[in-house]
Amino acid sequence: MEKYVHRVNYYETDKMGITHHSNYIRFMEEARVFFMDQIGWGYAKMEAEGVASPVLSVTCDYRHSTTFYDEIEIEVSVLKCSAVKMEIGYKMSSGGRVVCTASSTHCFLDRDGKPLIIQKALPGFYAALTGAMDKAD
């Protein structure tokens with residue numbers, strides 16, 4: 001799977017000149033949108049099918065700082081996937097070292113905001129997610 005690359009913008013840094021920690025959550029979302037497009041289930045397609053996938057939780061472990069104009073390569077993988085939830089993993093690297101590892105957990109909702117059993121409602125989507133699962137564990 002192709003990595004998503006984000007170049008740190010000046011406005012994403014703080015007074016100390018490092019990337020503000022809150023921006024990594026935004027980078028995760030950018031990379032997740034890119035990843036979903038790659039597996040053939042971009043957000044436009046999901047929404048057209050009546051699926052919403054809100055964030056339930058986020059974790060970030062910051063390992064090294066980044067600064068203005070650094071390129072952050074983000075590897076995205078599906079860590080877990082059930083009929084109603086998925087957990088996405090993110091490994092962010094810059095200059096050959098890991099700067100942040102993170103995850104986000106999402107559920108699936110239908111147009112009325114009710115939980116959706118994705119495995120039954122959209123088996124192709126479920127297959128794409130489970131096919132992209134991180135096999136390292």
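Tutor: A salt bridge is a side-chain nitrogen of Lys or Arg within 4 Å of a carboxyl oxygen of Asp or Glu. Keep in mind that this model is predicted.

Student: How many salt bridges does a search of the whole structure find?

Tutor: Side chains of opposite charge can pair when their charged atoms come close. Searching the whole structure for such pairs gives a total of five.

Student: Which residue forms a salt bridge with lysine 3?

Tutor: Lysine 3 sits in the segment before β1 (4-7). Its partner lies 70 residues apart from it, in strand β3. The closest N and O atoms are 3.5 Å apart, and the partner is glutamate 73.

Student: How far apart are the closest N and O atoms of glutamate 71 and arginine 7?

Tutor: This pair also links distant parts of the chain. Glutamate 71 is in strand β3 and arginine 7 is in strand β1. The cut-off for a salt bridge is 4 Å. Their closest N and O atoms meet that limit at 2.4 Å.

Student: Is glutamate 12 buried or exposed?

Tutor: Glutamate 12 lies in the loop between β1 and α1. Its side chain meets that of arginine 26 in a salt bridge. Buried means under 20% relative accessible area. Glutamate 12 has 0%, so this residue is buried.

Student: How many disulfides does the count come to?

Tutor: Take cysteine 81 as another case. The closest cysteine sulfur, in cysteine 107, is 12 Å away, too far for a bond. By the distance rule, the count of disulfides is zero.

Student: Which element gives the largest share of the largest nonpolar core?

Tutor: This core has 34 residues, and Ile74, Met92, Phe125 and Leu129 touch the most other members. Elements giving two or more residues include β3 (71-81), β4 (85-94) and α4 (123-131). The largest share is six residues, and it comes from α1.

Student: With which side chain does the side chain of histidine 106 make a polar contact?

Tutor: Histidine 106 lies in strand β5 (residues 97-107). At 0% relative accessibility, this histidine counts as buried. Its side chain reaches the backbone oxygen of serine 53 at 3.4 Å. The side-chain partner, at 2.8 Å, is serine 104.

Note on methods:
Residues are numbered from 1 along each chain as its sequence is written. This is a predicted model: local features need pLDDT of at least 70, side-chain atom pairs count only at pLDDT 80 or more; totals for chains, interfaces and linings use all residues. Side-chain values use heavy atoms; hydrogens and water are left out. Helices (H or I, at least four residues) and strands (E, at least two) are DSSP runs, numbered from the N terminus. Buried means under 20% relative accessible area, exposed over 50%, partly exposed in between (1.4 Å probe, protein chains only). A polar contact is a pair of N or O atoms within 3.5 Å; within protein, one must be able to donate a hydrogen and the other to accept it, and residues adjacent in sequence count only if both atoms are side-chain atoms. A disulfide is a pair of cysteine sulfur atoms within 2.5 Å. A nonpolar core is a set of buried Ala, Val, Leu, Ile, Met, Phe, Trp, Tyr and Cys residues joined through side-chain atoms within 4.5 Å.
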